[in-house]
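Here are my notes from going through this one. Have a look at the model alongside them.

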Amino acid sequence: MIEILSSSFMQKALFVGIIVSFVSGLVSVFVVLRKMSFIGAGISHAAFGGVAIGFFTGLNPVITAIFYCIAVALGIEVVSRKGKISEDASIGIFFASSMALGIVLISLSKEYTVDLFGYLFGNILAITHGEVLLSLFTAVVVIVGMLLFLKEIFLITYSEEIARVSGISVKAINIFFLVVLSVSIVISMKIVGIILISALLVIPGATAQLFARNLYSMIFISCGIAMLSTILGLFLSYEFDIAPGGSIVLTAAALFFAALVLKKRQ
Amino acid sequence: MRAIEINNLSVTFNGKDVLKDITLSLDEGRFIGIVGPNGGGKTTLLRVILGLVKPLSGQIYVFGKLPEDILKTGNIFGYLPQILKVEPNFPVRVIDVVMMGRYGKIGMLRWPGGKDVEKSMECLSMMGVADLKDMLYGQLSGGQQQRVSIARALAGEPRILILDEPSTGIDVVGQEDFYHLLKGLQKKFNLTVIMASHDIGAITTYVDEIACLNHTFHYQGNPLGALDEKVMTNLYGKNVDVLMHTDICDKCERLRRE
């Protein structure tokens, strides 16, 4: 145990893992309550396109992914609203075309792209100092932003109409939440990978909803489950020499099913 | 003071007239019932007053201001929508729901304090459901949810209370108590109450005014006058006997004979 903690790459991984999973635990509450898990999956796969833009242009892939994901999230909204098609179909279109854009750009990139696997499957153990700082900064911004507008986001989740009558700009808060969702997806990318991020957006919230009696208890449980999954998953990954992204998500899933059994027994 | 002033207002959705030539003026502290068949535009009229739907033509003023300006302030209206589906495991307790009614008053970037809790509890007590405060809202019965939602609508200390089919989920016996309670609240707080309902017979004894709406107003004024056969036919068409078969309409028959 102590041996694990003494290695600097493991310290960094744990530090970033805990912060990022706290963020995804917080965001997960609303992803679950607002039934946004498919849009979460859509945006996270779109991150692949965003990363590829970074590779192609030589810019920082995390930064390009953040902007690209925000654009996709808002694009999904606009296309489903203005185009009068279901949000479901709109997500499907952006989801696939972003992945396709990613594949095209990667094949055009001259740069050696072994790093790509780090984004697809996560590579928390190889996280750089700069990425730690970037994750920390964005996490703080997201957490503070969410807490400032928590009561408005919750009221909109309960009923958009009542929120509007209460003088809340539902459109602005919804855009804000999509931006927060996109940013939290991108900063989770290095932890569990693009393919598995949506698990971190759904499992903690779904587990918390089994027991929560109010918003605060749901946030508390959700963040707890997310952080516990990351910590346990990292130790398992170290012990058994398995990919951390997979072990973190499997740990979260195991916790969910354990909670489900516990709930049924009650 | 004039609470609502509407002149020649029309609303269309996809080329169809939902509301046509609506003119209405309502003083503060009055209780008006908007009755009419389902699909007759009652909900749309309420949403126009709330500033949620923009009219195609005509004017509407709430306390002399445009509804969209009133909407931004967030503390004039208490609103009970017709359908509010909350899942049984949605993590919100009764007290949290009522507290939401104060968010418009509290405003952005501020947190509810002790006074807000106190006011919320007061509203729950008024509706006779204070003992439910720690229950999950989604697990209550329809009638209990309705009472809690009205407590929520009252918690923001509104000047106008807008209720869309509030008796949904409440049994016929409970409805009488319920309307009685509303009447009491109106008097106590000098509230302007606008209530949409499709059961004309049940509300006539409680409201001060009635407006019969089927895309346009077929009658406006004293509640008893609305029970005229011609008005009823304009409102509900030939299927008027469908309404007469219920207990509630036995009562409207009685009222008509008196």
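1. The radius of gyration here is taken over C-alpha atoms, and the globule rule is 2.2 Å times the number of residues to the power 0.38. With 266 residues, chain A would come out near 18 Å as a compact globule, and its value is 18 Å, so the two agree. Do keep in mind that this is a predicted model.

2. Still on the overall build of chain A: its C-alpha atoms fill a box of roughly 55 × 50 × 30 Å along the principal axes. Of its 266 residues, 55% count as buried.

3. Take a look at helix α12 of chain A, residues 215-240.

4. At the start, a side-chain oxygen of A:N214 reaches to within 3.1 Å of the backbone nitrogen of A:Y216. Just after the helix, A:D241 takes a positive phi of about 55°.

5. There's a nonpolar surface patch of about 680 Å², and residues from chain A and chain B make it: A:F15, A:L133, A:L136, A:V140, A:V144, A:L148, B:M108 and B:L109. Which helix gives the most? That's α7 of chain A (residues 129-148), with five residues. On the other chain, B:M108 sits in the loop between α4 (103-106) and α5 (114-126) of chain B. B:M108 is partly exposed, because its relative accessible area of 37% falls between the 20% and 50% cut-offs.

6. Over all chains, the structure holds 17 salt bridges. One of them joins the side chains of B:R2 and B:E5, at 3.2 Å from N to O. B:R2 is partly exposed at 38% relative accessibility, and B:E5 is also partly exposed, at 23%.

7. My last stop is the salt-bridge network that links B:R93, B:D96, B:K133 and B:D134. Within it, B:D96 pairs with B:R93, their closest N and O atoms being 3.0 Å apart, while B:K133 and B:D134 meet at 3.3 Å. Which of B:D96's values puts it among the buried residues? Its relative accessibility is 17%, and buried means under 20%, so B:D96 counts as buried. B:R93, at 22%, counts as partly exposed. B:K133 is partly exposed at 32%, as is B:D134 at 40%.

How values were computed. Residues numbered from 1 in each chain as written. Chains lettered and ligands numbered in written order. Predicted model: local features only at pLDDT ≥ 70, side-chain atom pairs only at ≥ 80, totals over all residues. Heavy atoms only, no water. Polar contact = N/O pair within 3.5 Å; in protein donor to acceptor, adjacent residues only side chain to side chain. Helix = DSSP H or I, 4+ residues; strand = E, 2+ residues; numbered from the N terminus. Patch = residues over 30% accessible without salt bridge, like charges linked within 9 Å, V, L, I, M, F, W, Y side chains within 5 Å. Areas by Shrake-Rupley, 256 points an atom, 1.4 Å probe, with all protein chains shown as cover. Salt bridge = Lys/Arg side-chain N within 4 Å of Asp/Glu carboxyl O. Buried < 20%, exposed > 50% of the residue type's maximum accessible area, 1.4 Å probe, protein only.
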